Structure formats: structure tokens, C-alpha cells
Amino acid sequence: MNEREKELSDLLIREHSLSVEEYEELLSNRDAETAEYLAAAAVAERKKYYGTKVFVRGLIEISNICKNDCLYCGIRRSNRNCERYRLSDEDILACADEGWRLGMRTVVLQGGEDPHYTDDVVCGIVRGIKEKHPECAVTLSLGERSRESYVKFREAGADRYLLRHETANAEHYRKLHPAEMSYDNRMRCLRDLRDLGYQTGCGFMVGSPYQTMRNLAEDLRFIETFRPEMCGIGPFVPHHETPFAGEPAGSVELTCFLLSVIRLICPRVLLPATTALGTMHPQGRELGILAGANVVMPNLSPVDVRKQYELYDNKICTGEESAQCIQCLASRIASIGYEIVTDRGDFATDV
Ligand code: SAH
């Protein structure tokens, strides 16, 4: 670690903030020693608010039908070789029940932008889960909707919403998405969610095509100003049926470095060690926790559809039952000296 890296690291640790230029410099000149230094600081920061707790979110992948055509995503509408499925309300409630039985106090409903899930359908599902399990937090991750829809979901009881911003650079955004999608609408959604009182999650892929260190620095600066309660980042992993099939995957090392930096920017942020990280490295999720993450998202989807929710190639955890998935994660987390906890794991505001 050269002197300048040490200086930038200490500035970040002290101020929880850097300029775009400084973030870019920190990322571009990083080495193993800097990564270790920042990870130690990130772990210390996280410990103040969450100790060694790792929160669990049960992920229910409700549909792989999508009207969008994001260039990176395996369930984009142009992928004719994707076998499509959609879970019924009853299927989804049964998954949530199973999650509750297994100790999960948050479920995440994630899916493609499937027109079947109208506002009324989504609200019915959210109410159904909340009636049966009032203590269970419900997180939605259903993409871009109107402000009115977000209002209705909130009234139905949804607590949190995950919508990765994907990139904080409008030009880069255009290279990852078809012309009918826009950076401005993505940002409008995030602002609406925030205004409506959701615990809001943004995030991005590491190593997505055309991404530069400058872009990542812009993502960090965006996180600094938006101050999300949650932030999902994971390596880009190519999918063979997309225009980005031949692009290289994102780096595990850089993802972990960014997890530490994000923890230092937002000390209390709920930060998952993602499935994509686990896909790129056999101990990817453990490495993510050791870098500063504090959330894991075991799969609660019915086993017979898991392989079909294929956002990228070689996705892990598509074969086991939910109970096995949680068991496996719990022992991985324990092996590195952390503990899985089953409370709701809300954003820490009282400390
Ligand atoms: N339709 C919802 C859910 C999207 S899937 C929405 O728009 O929010 C959740 C996330 O998976 C996406 O936000 C994206 O960042 C990530 N993802 C998609 N394709 C990926 C790929 N090839 N590699 C890694 N992550 C990917």
C-alpha cells in the first residue's frame, strides 16, 4: 500500500466520504494490503451496529417472465430459449410459510417485470403474507413501477424495496439497456420508493460490460448521496443467451473491495453477500462477509423452478431444498465466526 492509498483509506474511514476523483484513485491503485486495511476498518464499523450477526432474507423468485430486455440478463424477453414460469399466489404464500417455519423473518419477492402481477395481484400477495405472519418483513424486488403502484404496495404492507440502480452513469446505463428503458426513470423509481417510506435498496453489478473505474467511483458517490438502507452488489456473470455472452465476468476481489468501501460509506447499510459472488468463487459469500457484508439471501423458491430463474450462467443453490440451503449457509457463516440470526434485521436507527 503506497502512502497515497493509506491517505485515501484513512480519509474514507474518518469522513465516510470521498470525491469521485478520490474514489477512482483508491480503486485504480488498490492492492492486497489496501484491501486488508479497508476490510478491517469495515468489519470494525459493522461491529458497532450489528456485532457478528448476519441477517437472512428468504428469496422467492416469483416469475421469470419479463417485458424488459436488459442486455445482461438471462431472463430478458428476447431469450427465446428460456423456459418461462410464474408462481401462483398460493405457491408464493406456501414459500413464505416455509420460510417462516425455517426461521426467516424477511421474505423477498423478486421477479421479472411480469404483467400478470398487477397492483391488485401484488397487494393481495403482500396482504396474504402479512395476515398470516404480521412479524415478517416483506421486501419487493419487482422492478420499475409507477409511483401509484409503489403507494399501493406500501399500503398493503410492503416494508422494503430492492431496485438496483445498475449504474450511476446515464451513458453507461444506455449501453446496458434497450432504448425504451431509461436511467431517469430508474432514478425516479428510487426517489419515489425513498419518499414513500420504504427501506430502499440500490446496487450495481461489478464488471458489467463497458464499466470503467470512473463509473464505479460514480456508483460510490451515488450511494454516498442517496444513502440507501440496503445495497446489493455482485459480480457480472455472463449468460450464454444474451448479447453479453462473450464478455468476461466481474472480479471477486474487486467486489469484496467495494463491499468494504460501501460499508465505510454507509456504516449501517444492510449489505448482502450475493449469490453471484458465491457463483464466482466457492467461498464467495464468506469472503463477502469478511469484507463487510452482513446479509445472506438463501433461495426459498420451489426447487422445480429454480433452474429457470437463470439471470446468469452456473447459478448456485438451484438443486437443494430451502431447508438445506439455509443449513448450508448457516454452517458456512459459523465457520468464519459469524452467526445467522432470525430477527427481521431492520436498518439500525437506534444506535
Ligand atoms: N426485475 C427486477 C429484478 C431483477 S434481477 C428488477 O429490475 O429489479 C436482480 C438483479 O440481478 C438485477 O438488478 C441485476 O443487477 C442482477 N443481474 C441480472 N443479470 C445479471 C448477470 N448476468 N450477472 C450478474 N447479475 C445480474
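Biologist: Why are H1 and H2 called oblique to each other?

Modeller: The axes of helix H1 (residues 3-15) and helix H2 (residues 20-28) come within 10 Å and cross at roughly 125°, where axes are lines fitted to C-alpha atoms, for helices over the stretch in contact, and angles run from 0 to 180 degrees between N-to-C directions. Under 35 degrees counts as roughly parallel, over 145 as roughly antiparallel and 65 to 115 as roughly perpendicular, with the rest oblique, and H1 and H2 are therefore oblique. The helix names follow DSSP runs numbered from the N terminus (helices are H or I, at least four residues; strands are E, at least two).

Modeller: This is a predicted model, in which local features need pLDDT of at least 70 and side-chain atom pairs count only at pLDDT 80 or more, whereas totals for chains, interfaces and linings use all residues. Residues are numbered from 1 along each chain as its sequence is written, and side-chain values use heavy atoms, with hydrogens and water left out.

Biologist: What is the handedness of the crossing in which H1 passes H2, and which residues make the contact?

Modeller: H1 passes H2 in a left-handed crossing, a term that applies if the near helix is turned anticlockwise from the far one by less than a right angle, right-handed being the clockwise case. Arg4, Glu5, Leu8, Ser9, Leu11 and Leu12 of H1 make the contact with Glu22, Tyr23, Glu25 and Leu26 of H2, contact meaning heavy atoms within 4.5 Å. These residues divide into five nonpolar, one polar and four charged; Ala, Val, Leu, Ile, Met, Phe, Trp, Tyr, Cys and Pro count as nonpolar, Asp, Glu, Lys and Arg as charged, and the others, Gly among them, as polar.

Biologist: How do the residues of the contact of H2 with H10 divide by class?

Modeller: The axes of H2 and H10 come within 11 Å and cross at roughly 145°, and H2 passes H10 in a right-handed crossing. Tyr23, Leu26 and Leu27 of H2 meet Leu254, Phe257, Leu258, Val261 and Ile265 of H10. The contact has eight nonpolar, no polar and no charged residues.

Biologist: What makes H3 roughly perpendicular to H12?

Modeller: Their axes come within 7 Å and cross at roughly 75°, a value inside the 65 to 115 range, so H3 is described as roughly perpendicular to H12. Ala39, Ala42, Val43 and Arg46 in H3 meet Ile289, Leu290 and Ala291 in H12, a contact of six nonpolar, no polar and one charged residues.

Biologist: How many cavities does a search of the whole structure find, and what makes a space a cavity and not a pocket?

Modeller: Three cavities of 30 Å³ or more are found. On a 1 Å grid over the protein atoms alone, a cavity is a set of points where a 1.4 Å probe fits but cannot get out, whereas a pocket is an open set with protein on both sides within 12 Å along at least five of seven lines, and lining residues have an atom within 4 Å of a point. The largest cavity holds about 1,000 Å³ of space, a volume being the space filled by probe spheres set on the points, which are joined across faces, edges and corners. It is lined by 48 residues, of which Gln110, Ser141, Arg164, Glu166 and Leu311 lie nearest its centre, and S7 supplies the largest share, five residues. By class, its lining has 26 nonpolar, 13 polar and nine charged residues.

Biologist: Which residues lie nearest the centre of the second largest cavity?

Modeller: Thr275, Met297, Pro298, Asn299 and Cys317 do, among 14 lining residues, around about 110 Å³ of space. The lining draws at least two residues each from S2 and helix H14 (322-335).

Biologist: Which helices each supply at least two residues of the lining of the largest pocket?

Modeller: They are helix H3 (32-50), helix H10 (252-265) and helix H12 (284-291). The pocket holds about 150 Å³, and its lining includes Ala39, Phe257 and Leu290. Eight of the lining residues are nonpolar, one is polar and two are charged.
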